[in-house]
Amino acid sequence: MSRIFSFFLFVLALAAEPADFIWSARYVITMDAQRHVIENGAVAIKGDRILAVGTKADIDARFQAKQRLDRPDAILAPGLINTHTHAAMSLFRGIADDLKLQDWLEKFIFPAEAKNVTADFVRWGTRLGCLEMLLGGTTTFTDMYYFEDVVAEAAKEAGMRGVLGETIIGFPVADNKTPADALAFTERYLKFTERYLKRFQNDPLITAAVAPHALYTNSDETLKAARALANKYNAPLVIHLSETKKENNDEMAKRHTTPTKTLDNLGVWNGRSVAAHAVWVNEADLAILKSRHVGLAHCPSSNMKLASGVAPVTRMLALDLPVGLGPDGPAGSNNDFNMFEEMDLAAKLQKVTTMNPQALPATSALEMATIRGARALGMEKEIGSLENGKRADLITVRIDRAHAQPLYDAVSQMVYALKASDVRDVMVNGRPVVRDAKILTLNEAQILAKAAEYRARVSASLK
Ligand SMILES: [Zn+2]
C-alpha cells in the first residue's frame, strides 16, 4: 500500500510544474481585485515573477519547487511600497527635532548638507536606509536626493526596487550662494539627470525619475524642462506639492493660484507624475490631480511631526485617486522608514480629524501601502499585489508574539497591531533579501559602524 502511495507521489512530482520557490504561510493577504485573504495559503515563484497564488494544498499539488519556506506562524503579504522618501538622510536621523519645516530646513538641514553630503555620505546613508526598509518589509522606495546614481547603485546592491530621482533645486542654498550659481547648479543637475536616466533605463529594479524639488524652489523654466526631460524618457516626475500652508499662501500672493493650478498651467502634470504630501489642496486641485492621473504620496508621520496639516485623504480615496504612503525624511520629519507606522497613522489621522472612525478603514490603509501605492507610481501592473504574472515582491510577518494574538482579521492585525520588527522574510523580484529577520544582501555591521562614524563627523561639522 505504502509503495503504491510513494509511486503516486512520484507521478505527481513528475506532473508538477517546476518553480524556484514556494512560500507558504498561515494567511496570505493577496491584495488582488477581490482582496482575497487565503488561510493556509502559498505562493509559487519562478524567476522574477509570481507563478501562482492559492491554498498551500493546491500550490503543493501543482508545483515542485527548488526551495521552500513554510511559515505557519506568519502572514504572507505583498512587499510594502514607500512612495516618498529621502533615504540617505538617515545619516542625519534626529539631528534636529520639534521644529517648523522652514526652521528645520534652513537652520539645520541645509547647513548640515552643505558641509557633509558627498557621494560617500549618500552611499552609506542609502545603504542604512535600504537596510532599515528591507528589514521592515518595504520592497520599493521612491527617493529624491543628491548623487542619485549612487542611490541607485546602493539600491541595486541591497536588491531593492527604487523609483529614484536626482533632486533639481534652484535655490541659493548649500553650495549655491547667488542666483547665478543656482541657475548653473540647476542646469548642471538637469544635464546630470539626463545621463543618469540613460544609465538606468530598462533596469529591472531601478526606475529613474526626474525630481524637481518643488514649485517654490524652482523657476518655471526649470519645471517645464524637467517635464520635457521626463517625457523624453517616459520617466515619472516626482515633486513635493502643497506641503505647508505657507507654500500655498505664497503662491496665492504671487499668482493668485494654488501650487497645483500653477503646475497645471505650466504643463508639469502632462505626463506620469507623483506628488508628495498634497496637504493643502482644495476640491479644484483634487479635480486637476484626478484628471491628470497624478499619483500622490501621503506622509502622515511627517505631516504630523512638522505640524504641516492634515491631507484630505478621505476625499482623495472617495475620488479614487492613486494615493500611496511615504515616511518622508528620517532626519527630523519622521524619523524612520516604518511603513507599518505610516499605515496605522494614516488610518487614525483621518479618523480623529473627521471625527469618523470609518473615514479610513484598515483595508484602505493596507491598500495605500500596497496596490494603491503601486498605482501612485504607475506600476500597478507589476507590483502591489500577489497575483499570477506579477513581480515576486513579498514579505512574511510573524504573528506568534503577544501583540499579534489572538488574530481575528489578518488585515486589521497588519495595520493596527503588527510592527516593522515583526517582518521575518523578504523577497524582491524573485530574490530572497531578508531571511529570518537577517539581511542577506548588505553588510549590516559595517553599515552601523559607518553610521556611528558619520554621526561624529556631522556633529563636529556643526560646531
Ligand atoms: Zn520629502
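Please bear in mind that the model is a predicted one.

I shall begin with the sheet. Its 8 strands are arranged in the order β3-β2-β1-β4-β13-β14-β15-β16, the sheet is open, and the pairing is mixed. The edges are formed by β3, residues 49-55, and by β16, each of which pairs on one side only.

Within this order, strand β1, residues 17-29, and strand β4, residues 63-78, run parallel and are joined by 10 bridges. In general, strands of a sheet pair through backbone hydrogen bonds, in either the parallel or the antiparallel sense.

Strand β14, residues 423-428, pairs with strand β15, residues 431-435, in the antiparallel sense over 3 bridges. Here Val426 stands opposite Val434 in β15. The two strands form a hairpin with 2 residues between them, and Asn429 in the turn has a positive phi of about 55°.

Strand β15 also pairs with β16, residues 438-439, again in the antiparallel sense, over 2 bridges. Arg435 has Lys438 in β16 as its bridge partner. This hairpin likewise has 2 residues between its strands, and Asp436 takes a positive phi near 50°.

I turn now to the helices, starting with α7. This helix spans residues 220-232, has 13 residues, and reaches 18 Å from its first C-alpha to its last, close to the 18 Å expected at 1.5 Å a residue. Which residues of α7 are buried? They are Thr222, Leu223, Ala226, Arg227 and Ala230. Because these residues cover an arc of only 140° around the axis, they lie on the same side of α7. After the helix comes Asn234, with a positive phi near 50°.

Helix α10, residues 283-291, can be described in similar terms. Its buried residues are Asp285, Leu286 and Leu289. They share the same side of α10 because their arc around the axis is only 100°. Glu283 and Ser291 are exposed on the face turned away from that buried side. What covers the buried residues of α10? The cover includes α9 (259-265), β11 (295-298) and α12 (313-318). Just after α10, His293 takes a positive phi of about 55°.

Finally, I come to the nonpolar core. The largest such core has 143 residues, and those with the most contacts inside it are Val43, Ala44, Ile75 and Val151. Which helix gives the most to this core? It is α4, residues 119-135, with 9 residues. The core draws at least three residues from each of domain 1, comprising 17-78 and 384-436, and domain 2, comprising 80-376.

Leaving aside residues up to four places away in sequence, Val43 touches Trp23, Val28, Ile50, Val53, Leu76, Leu386 and Leu394.

Notes
Residues are numbered from 1 along each chain as its sequence is written. This is a predicted model: local features need pLDDT of at least 70, side-chain atom pairs count only at pLDDT 80 or more; totals for chains, interfaces and linings use all residues. A nonpolar core is a set of buried Ala, Val, Leu, Ile, Met, Phe, Trp, Tyr and Cys residues joined through C-beta atoms within 7 Å. A residue is buried if 20 or more other C-beta atoms lie within 10 Å of its own, exposed if 12 or fewer, and partly exposed in between; C-beta atoms are placed from the backbone. Helices (H or I, at least four residues) and strands (E, at least two) are DSSP runs, numbered from the N terminus. Domain bounds come from an automatic or database domain assignment. Two residues are in contact if their C-beta atoms, placed from the backbone, lie within 7 Å. Two strands pair if DSSP finds at least two bridges between them. The expected span of a helix is 1.5 Å times one less than its number of residues. The arc is that of the directions from the helix axis to the C-beta atoms.
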